[in-house]
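Walk through this structure with me, one part at a time.

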Amino acid sequence: MSDTGTRTGLTVLDEVFATARAENRAALIGYLPTGYPTVAGSKGLLAQTLDAGADLLEVGLPYSDPVLDGPVIQHAVETALRGGVRTRDTLEVVESIAARGGRAVVMTYWNPILRYGVEAFARDLAAAGGLGLITPDLVPDEAAGWLDAADRYALGRTFLVAPSSTEQRLASTAAATTGFVYAASTMGVTGARDAVSDTAPALVERTRRHTDLPIGVGLGVRSGAQAGEVARFADGVIVGSALVSAAEHGRAAVARLATELAAGVRGNHTGR
Amino acid sequence: MTADGAQRLPTASDGLTRHDHDPDVGGHFGRFGGRYMPEALIAAVDEVAAEYDKARQDPTFLAELDRLQRDYAGRPSPVTEARRLSEHAGGATILLKREDLNHTGSHKINNVLGQALLTVRMGKTRVIAETGAGQHGVATATAAALLGLECVVYMGEVDTERQALNVARMRLLGAEVVPVTTGSRTLKDALNEAYRDWVSSVEHTHYVLGTAAGPHPFPMMVRDFHRVIGLEARAQVLASHGRLPDAVLACVGGGSNAIGIFHPFLDDTAVRLVGCEAAGDGVDTGRHAASITGGSPGALHGALTYVLQDEDGQTVESHSISAGLDYPGVGPEHSYLAEIGRAEYVPVTDTEAMDAFRLLCRTEGIIPAIETAHAIAGALRLGRELGPDATLLVNLSGRGDKDVETAARWFEVVDPAALPTTEPVPDDAAAGEREL
């Protein structure tokens with residue numbers, strides 16, 4: 001069992017950010033999908049990311065139509081699905097992270113959850129030691145069932161905000177969010193980019209006017225230097241595609257990148 | 001009838017008037033529809049919804065739509081009584097709404113002209129579209145050429161290879177065709193790629209969705225641009241036969257031609273509305289595209305609707321000889337009409353559809369699209385059931401020029417060696433021409 005004891009998922013999620021804040025740094029949030037290259041392999045890669053200093057893991061639930069993902073993550077989830085990955089495998093991966101003392105949320109497109117049953121998934125995620133969900137294609141407008149279930153099982157519900165979000169939508173989205181807000185910093189799909197978008201600081205600043213929740217910034221971070229840059233204005237640095245790319249080269253590559261990123265969010269990155 | 005004997009028919013702009021069957025503000029038809037999509041695109045669909053709301057009340061926009069529909073697309077389309085086909089349908093009167101006679105050869109132009117005009121109104125300069133066989137792609141490229149818009153069409157790589165002629169058509173019209181190499185490399189993946197483009201380009205780009213599906217306002221807006229089909233047909237049948245039909249039939253893939261002809265009959269509760277879904281090899285074989293008959297509610301490509309999915313909610317690949325019906329989802333309003341029982345949805349197999357295809361060719365001298373042949377098959381079945389007193393209105397949604405090669409293979413009417421080289425497997429031939 002994890003060290004979370006009887007505390008709820010949401011409480012633990014809040015602590016992840018409180019701890020980072022107390023250390024005057026941003027939290028490192030690392031994404032890898034279940035089942036890439038295999039279910040056991042993804043457990044190993046996530047454990048590696050955790051041990052290298054990630055504060056929170058985002059376990060991706062593979063979906064056949066990932067409209068918000070770029071080529072790297074598309075390829076990984078296609079591989080996972082071809083390998084026969086199931087929804088329950090993601091719960092098993094979450095459990096393995098919790099057993100290791102790590103913290104994990106699930107990143108998922110909405111249809112697999114609808115199909116599993118929103119209430120049932122919330123129950124089973126909480127039982128597995130998961131802290132919440134990030135829902136890239138579910139906006140609060142359609143989330144009534146999930147808002148209730150998340151409350152009932154004390155799970156974090158992370159919705160996304162985007163540069164195109166109006167003030168009104170930033171406010172309503174932040175109001176529906178618990179745990180942390182995910183600022184999708186560029187108008188585009190996931191994928192590592194050479195430069196961190198200059199829209200990211202502006203989006204974080206606009207979002208802060210509507211909420212005191214921590215704000216994680218994702219879409220495009222691939223180096224310790226970039227992580228350091230984002231850490232200066234965000235509470236969490238979310239890295240996905242770069243880790244998946246590293247995973248193509250094996251565990252050592254993932255560990256190396258995660259270590260660099262963990263140093264980056266602490267302002268200790270080399271380079272630049 | 002007017003004094004000079006000409007019939008004054010409703011026009012395209014009449015399809016855009018507000019009515020009691022609009023969805024709620026969030027785009028819900030009952031529990032279906034809505035917006036299951038990334039926040040990054042919400043502002044874009046909000047903009048489309050707001051602009052469409054203004055446009056549908058703007059006399060200048062409505063007049064321009066009517067002018068293009070009349071002078072460019074050739075509306076109104078006629079209704080043809082299929083007298084010889086009737087003998088094979090229990091003697092029932094069969095009336096064909098001739099959308100095949102529109103410019104570009106199908107109903108698709110109704111929607112595309114409307115959305116292209118809306119694009120100009122929004123001050124955007126680029127349109128994107130998804131396509132399978134290329135019918136919607138060709139229609140979008142046509143409207144883009146007419147209005148001077150940049151046009152990019154996403155098409156699965158499998159489809160671009162097998163539908164080289166439609167790729168050439170789009171390129172002749174000035175469009176860029178992008179082969180999609182992800183996933184199953186067919187229509188579903190072309191849709192995903194169009195969404196990915198739109199997230200990055202929304203400032204200057206409008207996504208011309210090809211059917212009455214996707215996030216709000218598309219199911220409502222695309223329906224409204226196609227309502228002219230049913231408005232005209234209702235008036236035409238009343239004028240020519242002095243009565244309403246007993247049933248209105250249409251094929252349903254995404255469902256835009258069906259919702260267009262059904263909608264003006266929703267309040268005529270005695271009129272049966274029958275959607276003909278593609279049953280491929282048969283719904284019980286699992287190789288089909290009948291989302292309502294053989295699927296279950298789920299969220300796909302922006303809406304809650306009936307989809308073909310496995311027990312984990314992963315989208316299942318669809319199968320149909322008909323390109324345009326070969327899609328694992330359906331417009332949300334059809335899911336709603338099915339659930340409340342106002343419309344019925346019946347499966348039609350590849351074989352039934354191709355039999356109806358041949359029959360229409362030989363009895364009426366009309367080569368229909370294979371999509372449309374599913375509706376003809378439904379009408380033959382219903383006519384035999386109801387008998388000679390019945391009057392059936394069928395949406396002849398498109399012409400079959402694009403399907404000649406598939407049909408030639410199916411009926412083996414030419415030496416296979418004379419046909420372009422594609423894998424001569426029936427299913428592959430079907431996969432090569434998907435179209436929403």
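Which residue just after H5(B) takes a positive phi? B:Gly148 does, with a phi of about 70°. Keep in mind throughout that this is a predicted model.

Stay with H5(B) for a moment. The helix has 13 residues, which at 1.5 Å a residue should span 18 Å. Ten of the 13 residues are buried, so H5(B) is largely enclosed by the rest of the structure. The buried residues are B:Gln135, B:His136, B:Gly137, B:Val138, B:Ala139, B:Thr140, B:Ala141, B:Thr142, B:Ala143 and B:Ala144. What covers them? The cover includes H4, strand S5 (126-131), strand S6 (150-156) and helix H7 (164-172) of chain B.

Now step back to chain B as a whole. Its secondary structure comes to 16 helices and 14 strands. The C-alpha atoms fill a box of roughly 60 × 55 × 45 Å along the principal axes. With 436 residues, a compact globule would have a radius of gyration near 22 Å; chain B has 20 Å, which agrees. Buried residues make up 62% of the chain. Take the contacts in chain B between residues at least 6 apart in sequence: 75% of them join residues at least 24 apart.

Chain B is assigned two domains. Domain 1 covers 31-59 + 68-72 + 108-215, and domain 2 covers 79-105 + 219-431. Their C-alpha centres lie 22 Å apart. How many residues meet across the boundary? On the domain 1 side there are 34, in contact with 39 residues of domain 2. Five elements of chain B each supply at least two residues to the domain 1 side: S2, helix H4 (108-121), helix H5 (135-147), helix H6 (157-162) and H8. By class, that side divides into 16 nonpolar, 13 polar and five charged residues.

Next, look at helix H9 of chain B, residues 218-241. This helix has 24 residues and reaches 34 Å from its first C-alpha to its last, close to the 34 Å expected at 1.5 Å a residue. H9(B) also has a kink of about 40°, centred on B:Phe225. Of its 24 residues, 19 are buried, so H9(B) is largely enclosed by the rest of the structure. Just after the helix, B:Gly242 takes a positive phi of about 65°.

One loop residue deserves a stop. B:Glu99 lies between strand S4 (93-98) and H4 of chain B. The C-alpha atoms of B:Glu99 and B:Thr372 are separated by 10 Å, although the two residues are 273 apart along the chain.

Turn to chain A. Here the secondary structure comes to twelve helices and nine strands. The C-alpha trace spans about 45 × 45 × 35 Å along its principal axes. For 272 residues, a compact globule would have a radius of gyration near 19 Å; chain A has 17 Å, which agrees. Buried residues make up 64% of chain A. Among its contacts between residues at least 6 apart in sequence, 75% join residues at least 24 apart.

Helix H10 of chain A, residues 224-231, is mostly covered. Seven of its eight residues are buried, among them A:Gln226, A:Glu229 and A:Val230. Their cover includes strand S1 (27-33), helix H9 (199-208), strand S8 (215-218), strand S9 (236-239) and helix H12 (251-265) of chain A.

Finally, bring the chains together. The contact takes 33 residues from chain A and 27 from chain B. On the chain B side, strand S2 (32-36), helix H1 (42-55), helix H8 (187-201) and strand S11 (296-300) give two or more residues each. H8(B) contributes the largest share, six residues. By class, the chain B side has eleven nonpolar, eleven polar and five charged residues.

Definitions and conventions. Residues are numbered from 1 along each chain as its sequence is written. Chains are lettered from A and ligands numbered from 1 in the order in which they are written. This is a predicted model: local features need pLDDT of at least 70, side-chain atom pairs count only at pLDDT 80 or more; totals for chains, interfaces and linings use all residues. Helices (H or I, at least four residues) and strands (E, at least two) are DSSP runs, numbered from the N terminus. The radius of gyration is taken over C-alpha atoms; the globule rule is 2.2 Å times the number of residues to the power 0.38. A residue is buried if 20 or more other C-beta atoms lie within 10 Å of its own, exposed if 12 or fewer, and partly exposed in between; C-beta atoms are placed from the backbone. Two residues are in contact if their C-beta atoms, placed from the backbone, lie within 7 Å. Ala, Val, Leu, Ile, Met, Phe, Trp, Tyr, Cys and Pro count as nonpolar, Asp, Glu, Lys and Arg as charged, and the others, Gly among them, as polar. The expected span of a helix is 1.5 Å times one less than its number of residues. The bend at a residue is the angle between axes fitted to the seven residues ending there and the seven starting there. Domain bounds come from an automatic or database domain assignment.
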